[in-house]
Amino acid sequence: MRKSSKAASLLATAAIFLAGITLAACNKAEAPGVPVAASSASSTTGSAKGDFGPPQGEPIKAVLTSPPNVPPATGRKAPAKVIVELEVREVEMEISEGVKYTFWTFGGTVPGSFIRVRQGDTVEFHLKNHPDSKMPHNIDLHGVTGPGGGAASSFTAPGHESQFTFKALNAGLYVYHCATAPVGMHVANGMYGLILIEPPEGLTAVDHEYYVMQGDFYTTGKYREKGLQPFDMQKAIDERPTYVLFNGAESSLIGDKALKAKVGQNVRLFVGNGGPNLVSSFHVIGEIFDKVWFEGGSKSQENVQTTLVPAGGAVIAEFHTEVPGTYVIVDHSLFRAFNKGALGMLKIEGPENKAIYSGKEVDSTYLGDKAGDLSTVAVATKAAETGVLTKDMQIKAGAALFTGTCSVCHQANGEGLPGVFPPLAKSDFLTQDRAKAIAVVINGLSGPVKVNGKDYNSVMPPMSQLNDDAIANILTYVTNSWGNTGDQITQAEVAKVRANTPRPAGSAH
Ligand SMILES: [Cu+2]
């Protein structure tokens with residue numbers, strides 16, 4: 001295709017125009033105190049578009065929210081002076097059932113408090129570091145124009161406070177994080193969050209806004225290994241996370257903490273990724289994002305299945321709800337979802353719409369071991385900690401874990417499928433030898449076997465990725481259900497079989 005001379009001259013004009021904008025942007029960045037005229041209506045790029053007059057009215061104290069909540073829209077029509085007060089706290093919290101971790105937080109939560117201002121606002125930022133903290137911290141806000149995004153002005157020792165002021169020049173959704181050395185470690189411990197800088201006209205009204213932020217975590221113990229788990233620097237350097245999580249804990253968006261909406265509503269997700277290492281392939285199973293403002297910027301894309309959220313980046317995703325049910329939120333790098341915790345839920349309530357979707361839901365496949373009633377698992381974990389774990393607690397926890405772990409093959413009623421999956425109900429194989437039953441779960445089983453007089457010759461994959469306590473609970477449930485009679489199978493028994501039997505090649509340890 002040949003360019004006409006007219007097109008060439010148009011291009012030249014555009015080049016001059018762009019050069020002008022770049023110059024304007026430079027001037028502004030160098031002298032942020034000098035208000036930039038809101039004039040250049042023809043301009044369509046970056047920070048030149050906005051309302052940069054002096055702050056008006058009384059200073060406003062920013063409303064900060066904990067995830068998954070988002071502060072209300074600023075609703076302002078003019079720039080203001082906004083005061084943000086954020087306190088760093090180092091707190092021990094549950095990262096997974098019975099697993100504790102010392103998080104370093106902005107505001108006591110992971111991710112940190114959500115901050116919402118309007119483009120053109122002058123933000124007076126106060127960073128406090130709680131006297132109980134062991135470490136100094138600071139903050140780098142990606143929405144700040146200036147050295148280190150504020151990091152250079154906010155180094156704060158325990159029990160101290162620092163203050164700096166910035167003008168919110170660019171609209172968008174931005175990550176903030178701690179940038180104190182070793183930076184990777186501060187971020188890996190949960191020191192990140194989101195700041196939304198609304199465009200002058202604000203965002204459209206929706207029924208729900210939620211705050212979801214992914215992060216990768218590195219513990220010396222294995223996935224779901226109980227107790228207080230220290231940070232593992234080597235795993236972090238190797239980028240081998242033990243956990244990949246939404247909102248800092250495995251259970252943060254599960255069960256009664258699931259995000260909620262009704263059929264026929266508009267939902268907006270502010271999705272961030274703190275990293276420090278992984279890039280997220282953010283996906284909601286069974287939904288399509290009608291609109292995504294990719295990379296947290298000003299352009300939107302439509303009809304998106306999976307959106308990429310870089311480490312230190314964010315997106316705004318919107319969709320309209322049509323069909324009731326549980327929608328599973330994942331990082332579509334699926335081992336992270338099913339084996340490292342990157343799984344959440346959105347529960348949509350309302351009338352069925354058979355014209356859009358015919359069936360009843362409940363898809364335990366996509367929920368994995370989170371399909372059952374997890375409160376029973378919590379009860380068993382707590383009881384095990386204090387040494388009062390009863391058989392009944394184990395059976396209830398095992399029932400929840402069996403769903404989505406074993407039921408896909410052996411079926412919810414334990415009957416299996418004729419010729420393919422042997423029954424666990426009244427299985428003579430199972431009741432023969434408990435150590436052998438434990439070994440089957442840990443190391444799998446293949447080749448010809450006879451169960452209740454019928455021949456099977458198939459493959460059960462090793463399930464050694466399950467913890468000793470999970471296997472003990474599942475087997476206690478199995479050996480006490482569907483007409484089976486057995487007693488408690490203990491964690492110690494499972495640990496012994498694990499130690500005394502070799503793992504097949506390629507299985508988890
Ligand atoms: Cu820090």
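1. Lys396 comes out as partly exposed, at 44% relative accessibility (partly exposed sits between buried, under 20% relative accessible area, and exposed, over 50%, using a 1.4 Å probe and protein chains only). Its salt bridge goes to Asp392, with the closest N and O atoms 3.0 Å apart (a salt bridge being a side-chain nitrogen of Lys or Arg within 4 Å of a carboxyl oxygen of Asp or Glu). Both residues sit in helix 7 (residues 391-402), four residues apart, about one turn of the helix; helices here are DSSP runs of H or I with at least four residues, strands are E runs of at least two, and both are numbered from the N terminus.

2. Before going on: this is a predicted model, where local features need pLDDT of at least 70 and side-chain atom pairs count only at pLDDT 80 or more, while totals for chains, interfaces and linings use all residues. Residues are numbered from 1 along each chain as its sequence is written, and side-chain values use heavy atoms, leaving out hydrogens and water.

3. The salt bridge count is 19. One of them pairs Arg116 with Glu209 at 2.8 Å, N to O. Arg116 is in strand 4 (residues 115-118) and Glu209 in strand 10 (residues 208-217), so this pair links parts 93 residues apart in sequence. Arg116 is buried, at 6% relative accessibility.

4. Lys226 and Asp469 make another salt bridge, at 3.1 Å between the closest N and O atoms. Lys226 lies in the loop between strand 10 and strand 11 (227-228) and Asp469 in helix 11, so the pair ties together parts 243 residues apart in sequence. Lys226 is partly exposed at 32%, whereas Asp469 is buried at 16%.
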